[in-house]
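Open the model in your viewer and keep the selection panel at hand. Each stop below says what to select and what is there.

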2 protein chains.
Amino acid sequence: MLRTVPDVDVLRELVDGGARRAVIVGAGFIGLESAEALRHRGLAVTLVELAGQVMPGLDPEMARSIELELLRAGVEVRLGTSVTALREAGSGTVAASLSDGSQVLTDLVLLAAGVRPETSLAAAAGLALGARGALLVDEHLRTSVPSIYGVGDAIEVADAVTGGPALVPLAGPASRQGRAAADHLFGRGGRRSPVLGTAIVRVFGTVAATTGPGEKALRAAGIPHHAVHLHPNNHAGYFPGARPLHLKLLFAPDGRVLGAQATGGDGVDKRIDVIAAAIRAGLTVDDLADLELAYSPPFGSAKDPVNLAGMVASNLLTGALALWRGGDLLHPNPQAVLLDVRSAAEFRPGHLPGAHNIPHTELRQRLGEIPRDRPLLVYCASGFRSYLALRLLRQNGWPDVRSLSGGLSTLQLELPGLTLDQGEPVAELTPAGR
Amino acid sequence: MLRTVPDVDVLRELVDGGARRAVIVGAGFIGLESAEALRHRGLAVTLVELAGQVMPGLDPEMARSIELELLRAGVEVRLGTSVTALREAGSGTVAASLSDGSQVLTDLVLLAAGVRPETSLAAAAGLALGARGALLVDEHLRTSVPSIYGVGDAIEVADAVTGGPALVPLAGPASRQGRAAADHLFGRGGRRSPVLGTAIVRVFGTVAATTGPGEKALRAAGIPHHAVHLHPNNHAGYFPGARPLHLKLLFAPDGRVLGAQATGGDGVDKRIDVIAAAIRAGLTVDDLADLELAYSPPFGSAKDPVNLAGMVASNLLTGALALWRGGDLLHPNPQAVLLDVRSAAEFRPGHLPGAHNIPHTELRQRLGEIPRDRPLLVYCASGFRSYLALRLLRQNGWPDVRSLSGGLSTLQLELPGLTLDQGEPVAELTPAGR
């Protein structure tokens, strides 16, 4: 039963009454916002999530930024874990048993482990139901009994990109479905729209937003796609308060934009909204590169992050850019050379095991050190300098050069267990032509 | 000659050297940002602008918000005024004579009265020039000598909506023109795009942004169009920090979005960027109403301001809404009844002269007081309650009802000289049917 406000009143009473510890089950929007609110009230919070990541709707490397923010804020995060039992442990304390065999003592337990349509009335009335008990509606929001309309969290919608059935319990689509149903009731057309699932959450000081399917969903739906990652500043770097976004763009081989995810601070919402409009309009990555967005130093850059994402994607499609990803380290090609093109000062405190270091500014002078006959996996901090290095190497005849998508910044989110090596660069690589 | 950084160094030296008064000529982006910077340094600033408004690129009612912000910040704003002479007045003081006969003594004068292409080298080389001496380029950015390309502030571009030639000296288009020219140089296509003139400025605590032509430009180009004004909160009203935007949307009779302007605080940039993408994609106001934008309370509402603008525009096109504007007060129809549907507490301290007051919540009970045979000009604070009143009156048989676009909030910006009446509502209007 939906009891949002009474439930929150109970929570507040528990906290006002002295609760100091909370267990939250589920790291979706509600679980995360509740974790923040309870931390702000000073409680020790344990967040238990069955999936191997927070925000299961996001791709794992993007969700990892939110996980790190939770850890910074002192939330205990238990991933890949479920609550197997809750029992009273005396004096108002509850003992929560977790699937990893551990037990957490707590003063309150908040269940936020997913949304399911409450359609028992519809079922009793004989209306047709679809996935997970959601109401089936036609393009005009009519149920199987045409004089009964269905809108909101209770209905099954069409996914805008995959075309498949989806449940998207969000206020925005619900609100527009209400308008469309009313329009149809009053003889003015009124059609439901496919749903992108655009969503956003602020968790302490970090924002995460998404529109359209992520890489996980595209893989599951068997839709061919590419992904790029980048870390542009939210506004001009010389203007106070600039902070990098982490932006991931998903697009089809023909260039159509399919989805995007972003984390960061100010300006995450703007970039996702622009891309949501672009997907809705069927724009391509070339169109994104060419969008004319509002620029002055407090708001963006002459090349907005959305433009940059379009440019990087376009470069990938034209072949001017080739990428490698974290997964390539898990099954490495023994022939491949790892080339770190950051400065020596950046290389020394942490670099990929086995990597060689030639700063991109020295590359032209040190081409002789790089073997010509081996695949080169180039990387830097964010993917920009490694792209410059790739262009330079390609133009000088190296046939197989790839740049790390999003650089070490993305890689460390993709491979949380990765340990970097420390130490000086070696003086010289394998001589060319060997 | 372009000397931006040296010019700023001179300005800083003057201020560090004790300048206490500044005259700025021109209230465009540079003039406004300079006025803010010099006020922050404590100078008395007089801003002189030839046009009858600041930010001549904006429609006047939208620019008025920025003028009010300048006044709040203590800037002296002289509109419809030019500087006719500058002369030394001893001890480093300059006397600026203004076209209104007044004279302003100042320690420094900053000329920021427009941008003109510096194409003397191109002219000397015999390259073809267009409007105001701008370089003429073809679709691939080639000048009349095809081995010479032109990009940036110096070239004439095509206006994305009117199709006519335009000069748009902004960094975003310049940057993309550079990429397009380079693509063409290297045999990869590379075409210039038409330009929307998307732009943004922050002036003290207020932001103004624009994309596509405004009403002034559409009128001048003879392009049929409609306009709606609205004042939605930038994010959910119950979340701290909510502040209304003033959003104006311009669209064609077939629904195509043509342009938008907005003022306010946080979130102005986002809405203009989304609409800039929508214009580029050829979307309609119905599409805007249906865009699926990221909503959680810190970032928006289930119905985002962009959705609402699309809905209001769509209502106008379907005939569900009819609007009146400030201009209707300048040449009033003597038959028309002005109906204020705000509460009595809002009516009392300030209402339009001659207006009657029936709060929209009492309208159903007081229909008998409203004459059926006269045009009704309904208004409220922002245009929302007057729309509800319009629907109610139409459904009850009133044939000619219009709602004030953007309500008194917009009207007071459109008619800065307007004086509101004070006093109690009259007990009863003209009885129905008279």
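**Ground rules.** This is a predicted model: local features need pLDDT of at least 70, side-chain atom pairs count only at pLDDT 80 or more, and totals for chains, interfaces and linings use all residues. Residues are numbered from 1 along each chain as its sequence is written, chains are lettered from A and ligands numbered from 1 in the order in which they are written, and side-chain values use heavy atoms, with hydrogens and water left out.

**Stop 1: both chains.** Colour by chain. A rotation of 180° with 0.0 Å of shift along its axis puts chain A on chain B, at RMSD 0.0 Å (least squares on the C-alpha atoms of residues with pLDDT of at least 70 in both copies). That is the relation of a two-fold axis. Both copies use the same surface: 100% of the contact residues of chain A recur in chain B (contact means heavy atoms within 4.5 Å).

Stop 2: The C-alpha atoms of chain A fill a box of roughly 75 × 60 × 40 Å along the principal axes. Switch to cartoon: chain A has 13 helices and 19 strands (DSSP runs, H or I of at least four residues and E of at least two, numbered from the N terminus). Of its 434 residues, 51% are buried (under 20% relative accessible area, 1.4 Å probe, protein chains only; exposed is over 50%, partly exposed in between).

**Stop 3: helix H5 of chain A.** Select residues 171–185. These 15 residues reach 21 Å from first C-alpha to last, close to the 21 Å expected at 1.5 Å a residue (1.5 Å times one less than the number of residues). Which residues of H5(A) are buried? They are Gly172(A), Pro173(A), Arg176(A), Gln177(A), Ala180(A), Ala181(A) and His184(A). Bring chain B back. The cover over these residues includes strand E8 (157–158) of chain A, plus helix H8 (285–290) and helix H9 (305–318) of chain B. Just after H5(A), Gly187(A) has a positive phi of about 75°.

**Stop 4: a sheet in chain A.** Three strands form an open antiparallel sheet, in the order E4-E5-E6 (strands pair if DSSP finds at least two bridges between them). Its edges are E4 (83–88) and E6 (103–106), each pairing on one side only. Now select E5, residues 94–98 of chain A: four bridges join E5(A) to E6(A). Zoom in on Val94(A), whose bridge partner in E6(A) is Thr106(A).
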